[in-house]
Amino acid sequence: MVTILDVARAAGVSKSTVSRVLDERLPRSSSPTAERVRKVAAELGYVRNPLASGLRRVGTSTIGVIVPRLTDTVMAMLYEEVAAACGDRGLFALVATTDDCPETESVAVGSLLQRRVDGLVLTTARIGETRRLDVPFALALRTDGTSAASVGDDHLGGHLATRHLLDLGHRRIGLVSGPDYASSARGRRDGYEEALGAAGIPVDESLTAGDAFSMESGEIAGRALLGRADRPTAIFAVNDNTAIGVMSAAHNLGLRIPEDLSVVGYNDIPIAARLPTPLTTIRVPFRQIAEGALTLLGDDGAGRQLVATPTLIPRGSTTTNQ
């Protein structure tokens, strides 16, 4: 069977170029390169799979999706977008949860492979991991640094959140972080530190707390940061769940939001805009990330990263520092 790689080699272009040129969902290009790719593809007898945009077929029209847990709204949102994107391609998405445990993930992957899924989308990557699977796979939301991945620009998002607080006059800005093995948490923390540095503010490690993406972790971290005599006037939490936990801790300590404490979250889950004090947050384009993951499965994008741009959504939880 002639593959995209065969066409790319014969045409002297990259696999991604071949994929774009032959993708009938995209506007048809009349450039010399596009014409050459189409001519070579026809000469070689290459036939693009219209069902899965080139995904190597095993015969079940099913994509396995691995998430830590569906009680995490972010993961539920991403899975729904993957399922919708699969539906647009005539595919079915089958989900399995791991509780973010590598051993449980191995069992889940094995179970999905036994069901002969045509590919895997994994949201459970840990930095530095190496995966060798018998089907095409792509990471989503997180990256291990080497595998094909469709992610948000977490570094930019962390910078946008922190820059927003700096622009409001805050200088003591706390960070409620997530697990250190997750590229999303690290990227957002790096963006936070970069924004502080650009403003000439040294990073104070004592203003960083938290090690999970849960409300409970956010509340514990919030109590630790807000119980200090020199508490921060603002906190950037690296996801909305932890931001809600921070807001709960602030309320229990008698602090008002945003008058006494400004809070920024990340992801823009549906409840963020519906809280008693709507949460300022960073919106992640989940559908774009889901589409990107399926694109990587379809064009054998080994090692390639697709990066989606996040957006700051200002709401009532942030205000100027008095």
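Select Cys-86 to begin: this residue is buried, with a relative accessible area of 0%, where buried means under 20% relative accessible area, exposed over 50% and partly exposed in between, computed with a 1.4 Å probe on protein chains only. With a disulfide taken as a pair of cysteine sulfur atoms within 2.5 Å, the count comes to zero.

This is a predicted model, in which local features need pLDDT of at least 70 and side-chain atom pairs count only at pLDDT 80 or more, while totals for chains, interfaces and linings use all residues. Residues are numbered from 1 along each chain as its sequence is written, and side-chain values use heavy atoms, with hydrogens and water left out.

Now select strand E8, residues 234-237; strands (E, at least two residues) and helices (H or I, at least four) are DSSP runs numbered from the N terminus. Ala-234 and Phe-236 point one way from E8, Ile-235 and Ala-237 point the other way, and all are buried. Strand E6 (residues 173-176) runs parallel to E8 and is joined to it by four bridges, with Ile-173 partnered by Ala-234. Strand E9 (residues 262-264) is also parallel to E8, through three bridges, and there Ile-235 has Val-263 as its bridge partner.

Finally, display the open sheet of six strands in the order E2-E1-E3-E4-E5-E11, where the pairing is parallel; strands pair if DSSP finds at least two bridges between them. Strands E2 (92-97) and E11 (305-308) stand at the edges with a single partner strand each, so one side of each is left without a neighbour in the sheet.
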